[in-house]
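Trainee: I'd like to go through this model with you. Can we start with the strands and then move to the charged pairs?

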Amino acid sequence: MRTHALFALLVSFVPSAIAVFADDAYHTDYHHPLVGIPQEHNTFFHRPQASSRASLLYTLSEKLILGAINPKDGAVVWRQFLNPSSNLTSSTEGFLRAGENENTVISAVGSQISAWDALDGRLAWRNEFADGVAKDLEVIEFEDGKAKKSGKDAVVLFEGDHAVVRRISGETGDVLWEHRDGSGGIPHQLSTSNSNIYLVSLSSAGRAGLKIKVTSLDPVSGRERNHYALSSEADVSTPQSILFVGANSASPIIAWSDKASKVLKVNVIGSKHISSIDIPNENGEDIKKIRVHAPHITRSLPHFLVHYQSETRNWAEVYHINLSTSTVSKAYSLPKLAGPGAFSTSTQDANVFFTRNTENELLLLSSTSHGVLARWETASAAAPQDGVAEKEHPLHGVSEVISRPDSSYAVRSALVSSAGDWNLVRNGKAVWKRTEALAGAVAAEWAELPELKDLARELEVEVHENILAAYIHRVKRHVRDLQHFPKWIEYLPTRILGALSGDEKIAESAKGFNRDSFGFRKLVIVATETGRLYALSVADQGQVIWNIKAADLKDGERWDVTGMYADNAEGLMIVQIGSGENIVVETTTGRVVSASLEGSDTGRKWFTGANEGDPVLLSSGLVPRKNITVIARGPNGEVRGKRYAGDGFATTAWEFAPSAGERIAELTVRPFHDPVASIGRVLGDRSVMYKYLNPNLLLITTVSDAKYSATLTLLDSVSGNILYTTTHHGVDTTRPIVSALSENWFIYSFWGDVVPSSDRSSPPAQSSKGYRLVTTTLYESPLPNDRGPLGPSKNFSSTSPPSTPPFIKSQAYLIPSALSALAITSTRQGITSRQIIAFLADTHAIIAIPKLLLNPSRPIDRDPTPAEAEEGLSRYQPLLEFDPKWIISHKRDVIGAQKIITSPALLESTSLVFAYGIDIFGTRVAPSMAFDILGKGFNRMQLIGTVVALGAGVAFLAPMTLCVAGKSEDYQLEMADFVKFPEFVFRSAVDS
Amino acid sequence: MLLSTFTYTLLLLLLIPLASTASLTLFIPPTPLLPDPSHLPPSTHATLTTLNRTYTAPLQRPSRFTFRNLTAGSYLLDVHCRDYAFGALRVDVGADAGAVEVWQTFRGNEWGNRGERLGLGEGGVVEVRPAAAKAFFEERAGFSPLALLRSPMILLAVVSMGLMFGLPYMLDNMDPEMRAEFESNQKRVTSSSASPLQNFDLAGMLAGQGQGQDQQQAKGSGGGGGGGNGASGGGARRRAGN
């Protein structure tokens, strides 16, 4: 019974030990809830409640995250991740629209069209169509005689085998009508006017180019009213050639230009007339970009602005449309300004305003006349970083204009900068900035901060000199140190206050940008797909310290970072690019050091995506150490062990090719920093199971999509020997199968389904459905106190391995949620027990599962014996429920984490965790509790209070003792007698 | 053109009933644990999962989840929510005309081991209820004076303090005879316990003289009186003065 109690105590102890403390939450952890870089046509200000004047900023980003941002402080109000596939690189188009005064926003992504409550982000309705993907979405603003409903209808254009236009009820999401376009043209866009829905499609006109075809549809029935074609084949060759299809305004237009960018052609939809406008370009500059900005509201004035951007300058012209004749006339032109600029349109009632943002000013113009309504100098939001001479400029933006009764104006613009930041500028003042480019993080690595002082180096000097020289050196050093004394004194009260309140931030902030004594202050260098590098300070809530543009990428190209390596001794970060080159930057400043590190000995195994052809890594400048085996991928996905002779050339030592119909899903090696504190596991009877500790383990996951099976193979990566292999059936291969490997154990997780037995009479081979987690441990032999074939030998060799494979112990669990991005906590010495950190994609959380529970020696179908209970083993339960206390991201909503990296702190108890992908999340965990640091639970004030109370107690009791002693007739003790205590004892003894 | 549109419409009309039959709606009713389901975060969603197929339904106002166009199969239904944990359900979608059946299921058990069948309510709506609220945080054991008082060490100290201060008063207020008796008792106890080993008569014990022990002790106390410590010696002297 007592063992039961002990066992219960142990089990209850484990989970509670690792939970996040309520007062640590939001202090030790940090989170950047990102939405990704906003798309210009899917971003707008909108009032979620028609009754309230407060508006929110809505966007559907490149990452297909629908987000509502509070324009006051840049905080996320709600987000929805709309990417239908887990593959973030898929190029699904998305559309986001909101009807005027509507309390919903409508999105169309892939085959789904959804309406979301604008205020709280709940789904209002959703409809799905299997026959195509959404190409365009518009909200029908006009009333068409129907009874007043709760939501404005939407029209969606789907592209599949045919172009299909559907009108979707704004109330329920049901289809009101649909129109199939059998003409075979390429559907391009939709446009609505006051009475018509127009389908703009492109039809091939032989070799010459594309003709623009406009089909007019009846909004009530969806029947085709008429159609006409515009002879644009000379100018339009691809759908991208069309600059603009004016959506949803009183007079929608189609605009395109000729190939030489000399003439702009505009058609007011509904008429067949094409207006040709000469593009003003006296200097004959090469126009890079033409953008048309027009209002999106039907009752606004039919004006539009054309923005021209050349390499060095930007300018614009404003045109008015004559509604009766459907002709276009120029109203005024805006001067050429140096540098890039961004224009945005906003409306207030019928008035149309254009906002012009350049690098250093913000201009507000009315569409009716060229007079500048308001002008603000825009102070550069961020002071330029030292060492980084990069100019940010606005790419595009949206604005909201409010005209006050005293005919002054207030403008706020949300601008996307070339650096991938999203800035809100109100009346020329930067209000907030969101680093949205971080949502495209592709790689990240830890970097140490420089040490506080080179004290160790100085002391070394003193050791090696003679006594006199060393003494002089020391005196000099002390005199030199005196210059820091005033500063030290100045910070002393702050530090004491910080120490008393237990707030380490106050105590640490005094030390400047240096490593702290706990090793909590580190940098994470993040590489993004946009070719930028960011340095985040882990101790300062993940704040961006510097960011640089490290690579020039073409449009739509992703930065192919294959690896990152920190050289902490030199303070450098080496970023390896798939093309073979590498970029070396200083970790504290972001300055690019172009020199590649010749002959650097990293001793690390690289996975490269390099094609066949030796040498694999020589071009990267990181020449591997002699006789090291590098794991490379062959041209058909096979895994190869390549052995380096030392001259940079490699020979293939072994090759692992998946069997027919299989593909390699994942490769896992032991972490670079993976210290082993104990070579054995002590059992309850004091015998020892020796761990199979091989530094060259490689776990390969191969899957067969046709057979729904996954095979895990454990290899010795030097010899290529297979140590262990296992196959699971009924595996969902479309979902990620993740694995992690450390010390002498590995874990992996997958979706396992019911597998019927081949023999009908026997029970199914696998009878449950759900996510599984399998834990496997390797020992040298199945017997305790026995090292098996290794015997008493001291060294283990991969090249002459023992004849028998390691002893394997394995157990599987059903888990309630899918795991992805597996990682293992890493501490300095590896003494602390480990946790498995994983991202729960379903619940948007990051979890830390104690490894102690995943011990494959847990007794099955019986309670543990006292000896087993002593080992910390509990009875095996097939279901491993996730305790909410294991969730280290607690209430935060983390989405899209792709990878988690861990790093040891200087304190053995603590491991730092950093997750990236879309959101950035970081924290620190103490898997065996923080045993080497006084946490916030240690109340310093209470300690002082106790000491004071004890002192007071002594002061109160001492006279009383004297009083009691004084009552005795023999000894009139003085206070001095207590001081002369030995004498007092002596006197007593003599007297007796 | 017109004919083709007509054909399409006809096709669509044929398709609609087929597609719309296999659908499932879940509803979160207000429960004592969750009185207002409209406060659930917008990230709450439900998934139907089986081999190589997943359907996801975000939380829809007012607090329901809708799955449409389900294909035949046996699915595991999970409701994922930041603040509440939900139990798992088994959803079987029949191959013919999309008959949907919902069962309770138990994770970690055989898939065939179904629990209670949950009836499809009006319009095929199944109620799902949260099982528990998620508690993420660990509260620190803060300083509490009451807990301090409850600790046995403090209780012992308080009792001994009470004796220390209370006993002299009790002695002073005692009846003089009782006091004399008490003091003599105390005297005997202290002097006998002063050196029990000294007076231990091994031979007597071995001889089985258990009865004679009292006498011996009384005799021994007279001899051991002088060997007492200062305090007891003082007491003896005071008594002598009386």
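Trainee: Which residue in E25(A) is the bridge partner of A:Phe304?

Mentor: The partner of A:Phe304 is A:Tyr319. Before going on: this is a predicted model, where local features need pLDDT of at least 70 and side-chain atom pairs count only at pLDDT 80 or more, while totals for chains, interfaces and linings use all residues. Residues are numbered from 1 along each chain as its sequence is written, chains are lettered from A and ligands numbered from 1 in the order in which they are written, and side-chain values use heavy atoms, with hydrogens and water left out.

Trainee: How many bridges join E24(A) to E25(A)?

Mentor: Seven, and the strands run antiparallel; two strands count as paired if DSSP finds at least two bridges between them. E24(A) and E25(A) form a hairpin with two residues between them. Strands here are DSSP runs of at least two residues, labelled E and numbered from the N terminus.

Trainee: What about E23(A) and E24(A), how many bridges there?

Mentor: Six bridges, again antiparallel, with E23(A) covering residues 287-293. Opposite A:His307 in E24(A) stands A:Arg291.

Trainee: How many residues of E24(A) are buried?

Mentor: Eight of its eight, over residues 303-310. Buried means under 20% relative accessible area, exposed over 50% and partly exposed in between, with a 1.4 Å probe and protein chains only. In a regular strand the side chains alternate between the two faces of the sheet. Here both faces are covered, with A:His303, A:Leu305, A:His307 and A:Gln309 on one side and A:Phe304, A:Val306, A:Tyr308 and A:Ser310 on the other.

Trainee: Changing topic. How many salt bridges are there over all chains?

Mentor: A search of the whole structure finds 51. The criterion is a side-chain nitrogen of Lys or Arg within 4 Å of a carboxyl oxygen of Asp or Glu. One of them joins A:Arg375 and A:Glu361, at 2.8 Å from N to O. That pair links distant parts of the chain, E30(A) and E29(A), 14 residues apart.

Trainee: Is A:Glu361 buried or exposed?

Mentor: Buried, with a relative accessible area of 13%.

Trainee: And which residue does A:Lys522 form a salt bridge with?

Mentor: A:Glu448, the closest N and O atoms being 3.1 Å apart. A:Lys522 is in E36(A) and A:Glu448 in E35(A), 74 residues apart. A:Lys522 counts as buried because its relative accessibility is 3%, whereas A:Glu448, at 22%, counts as partly exposed.

Trainee: What does B:Arg90 meet in a salt bridge?

Mentor: The side chain of B:Asp92, at 3.1 Å from N to O. Both B:Arg90 and B:Asp92 are buried.

Definitions and conventions:
Helix = DSSP H or I, 4+ residues; strand = E, 2+ residues; numbered from the N terminus.
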